[in-house]
Amino acid sequence: MARPRIEGEFSREQYHTAKLWQIGAFALNNTATNLFLFGMGFVTYYATGVAGLTVMVVSTILALMRVFDSITDPLIGFIIDKTETKFGKFRPIMVFGNAILILTFLLMFNVIHLFPESLHLIIFIILQFFYIIGYTMQTTVTRAAQTVLTNHPRQRPLFSIFDAIFSLSLFTFGQLYASQYMIGKYGDFTEAYFTELSFTFAAISALFTVLAVVAIWGKDRKEFYGIEDINVKTRFRDYWPVLKRNRALQMLVLSAATDKFAAMFMNQQVVQVMLFGILMGNFALSGQFSLIILIPSLFIVFFGVRYAQNLGLRRALILFSYIGTISFTLLFVLMVLFDTERFALGNWGILSITFLVLYSIGRSVSTLTPSIVIPMIADVSDYETYESGRYIPGMIAALFSFVDKLVSSTAPFVVGVLVAMIGFGDEFPTVNDELTTGLLWVSLMTALGFPILGWIISIIAMRFYPLTKEKMAEIQTELNNTKNFILDERDRKLAEQQAADEEGKGDGK
């Protein structure tokens, strides 16, 4: 007699896998939010140039909102772990979060300047508040849902390759679109510029979210939720004990936060304007460079994921953090020693080729390492289940995001403070400003120096990260044994119940 299926039961297989298209399409959920992250790099220009706010006010608000962003993570993580609907645990939060993002993003770039000037700051803060909530909802799902997508050690790194490719494409063609097509069309950061940019990004993000929802549809089911039938009881006061005892989570949070810190500086539009528009004399180069380095960047990404599949995610993160550190350190020294305009592509000398090679390596690493981290969060979640028996992916993802955002929130604030210190207190530097010594050092520190610092801290943190490839194999074996034990106990109790029922029928006769 076949054993009847029990709701919420686990497969006896050690690993559950996903189709390649599911992994790739679900990675678009991260791209959908990265679109807004990229687009928000222009909000400083809208807020100061169109809405009339000052540099320090905007920088301070953005920094404080990033801190608020980190505070929302525990709440969203708590909600995810408690969510149980006929549409799954993750899909409703993805859709609702993206809807909030689209609405607030469009309002932020199109309506603030229409209100009386005295209300501009208040409306900007309110829209930022709700934008952060939507952003947290969708990004937390990207991290938490890794556990249900797949637990196979050769499949989890595949998310990194899709995510890195999508991120590279976004920041390549996005920068090309913003710096060449849009500037060529509108001439400057005008009101019409922001209207077209905001509606374009919102439409693409909605499409990507729909594809991601379709991808996880078949995996967002209770049978993939950890090792228990019932929801784990979590409380807000559980967050600190989990972080305190989980060394893997501590080290991954520190490593990822500093990697994000590095990437945040490089992706600030102000930094792009200073590096390419002022130091090198041609802002359009930012888009051209992004397009030129796309192929070598993809090569580095493929190599990185292949390395992670064979030797583990931890070793891959350490290796490429070293590569990023070395490439940007060499570039920093060269740009201090030589005239920065000689690094522009139009010159096609040894310095421009050197810049192309070293900058492409660093930019590739800045895309690859955050992508490697995302599946590592699933490893940490499995490690927590292995250690405590609790399946709490929302809490793990929230703890990760909390510290990650708390650290990375300093990037726009630091940029604002630095440019204000060299005389740009009312408006950010533009492509029309002349190069000064102050602009040289601020540009190099924000574009190259802070990323170097982030990678060095990441390398140190990974030295104390316990989840090697061998340790993860041990964890998955133990989790599978626990699942099978649960099934065996169910089978035994079911057989005893059936035997008792048969005996009762016999006595009745």
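**Notes on helix packing, aromatic pairs and selected residues**

1. The axes of helix 5 (residues 91-110) and helix 6 (residues 120-144) cross at roughly 150° and come within 8 Å. Angles over 145 degrees count as roughly antiparallel, and helix 5 is therefore roughly antiparallel to helix 6. The crossing of these two helices is left-handed. It should be kept in mind that the model is a predicted one.

2. The contact between helix 5 and helix 6 is made, on the side of helix 5, by Ile 93, Met 94, Phe 96, Gly 97, Asn 98, Ile 100, Leu 101, Thr 104, Leu 107 and Met 108. Helix 6 contributes Phe 124, Leu 127, Gln 128, Phe 130, Tyr 131, Gly 134, Tyr 135, Met 137, Gln 138 and Val 141. Sorted by class, the contact of helix 5 with helix 6 comprises 14 nonpolar and 6 polar residues, with no charged residues.

3. Arg 91 also belongs to helix 5. Is this residue, Arg 91, buried or exposed? Its relative accessibility is 7%, so Arg 91 counts as buried. Apart from neighbours within four places in sequence, Arg 91 is in contact with Lys 86, Val 213, Ile 216, Trp 217 and Asp 220.

4. Phe 26 is located in helix 1 (residues 20-26). With a relative accessibility of 0%, Phe 26 counts as buried. If residues up to four places away in sequence are not counted, Phe 26 touches Met 94, Val 141, Thr 142, Ala 145, Gln 146, Leu 149, Phe 159, Ala 212, Ala 215 and Ile 216. Among these, Ala 215 lies 189 residues from Phe 26 in sequence, yet their C-alpha atoms are 5.4 Å apart in space. Two of the residues touched by Phe 26, Met 94 and Val 141, also take part in the contact of helix 5 with helix 6. Ile 216 is touched by Phe 26 and is in contact with Arg 91 as well.

5. From helix 11 the contact involves Ala 248, Leu 249, Leu 252, Ala 256, Asp 259, Ala 263, Met 266 and Asn 267. From helix 16 it involves Arg 363, Ser 366, Thr 369, Val 373, Met 376, Ile 377, Val 380 and Tyr 383. By class, the contact of helix 11 with helix 16 contains 11 nonpolar, 3 polar and 2 charged residues; Asp 259 and Arg 363 are among the residues that make the contact.

6. In one of them, the ring centres of Phe 328 and Tyr 359 are 6.0 Å apart and the planes stand at 10°, so the pair is stacked. Because Phe 328 lies in helix 15 (residues 313-337) and Tyr 359 in helix 16, the pair ties together parts that are 31 residues apart in sequence. Both partners count as buried, Phe 328 at 0% relative accessibility and Tyr 359 at 4%.

7. Phe 328 has a further ring partner in Trp 455: the centres are 5.4 Å apart and the planes at 65°, so the pair is edge-to-face. Trp 455 lies in helix 19 (residues 437-462) and Phe 328 in helix 15, so parts 127 residues apart in sequence are tied together by the pair. Trp 455 is buried, its relative accessible area being 0%.

8. Which residues do ring pairs link into a cluster? The cluster holds Phe 36, Phe 38, Phe 42, Phe 105, Phe 109, Tyr 177, Tyr 181, Tyr 186, Tyr 193, Phe 194 and Phe 201.

9. Ala 473 is placed in helix 20 (residues 469-508). At 34% relative accessibility, Ala 473 counts as partly exposed. The C-alpha atoms of Ala 473 and His 152 are separated by 9.4 Å, although the two residues are 321 residues apart along the chain.

10. For the chain overall, the secondary structure amounts to 20 helices and 0 strands. Of its 509 residues, 58% count as buried. Of the contacts in the chain with a separation of 6 or more, 86% are between residues 24 or more positions apart.

Terms used. Residues numbered from 1 in each chain as written. Predicted model: local features only at pLDDT ≥ 70, side-chain atom pairs only at ≥ 80, totals over all residues. Heavy atoms only, no water. Contact = heavy atoms within 4.5 Å. Helix = DSSP H or I, 4+ residues; strand = E, 2+ residues; numbered from the N terminus. Nonpolar A, V, L, I, M, F, W, Y, C, P; charged D, E, K, R; others polar. Phe/Tyr/Trp six-rings, centres within 6.5 Å; stacked < 30°, edge-to-face > 60°. Buried < 20%, exposed > 50% of the residue type's maximum accessible area, 1.4 Å probe, protein only. Axes fitted to C-alpha atoms, helices over the stretch in contact; angles between N-to-C directions. Parallel < 35°, antiparallel > 145°, perpendicular 65-115°, else oblique. Left-handed = near helix turned anticlockwise from the far one by under 90°.
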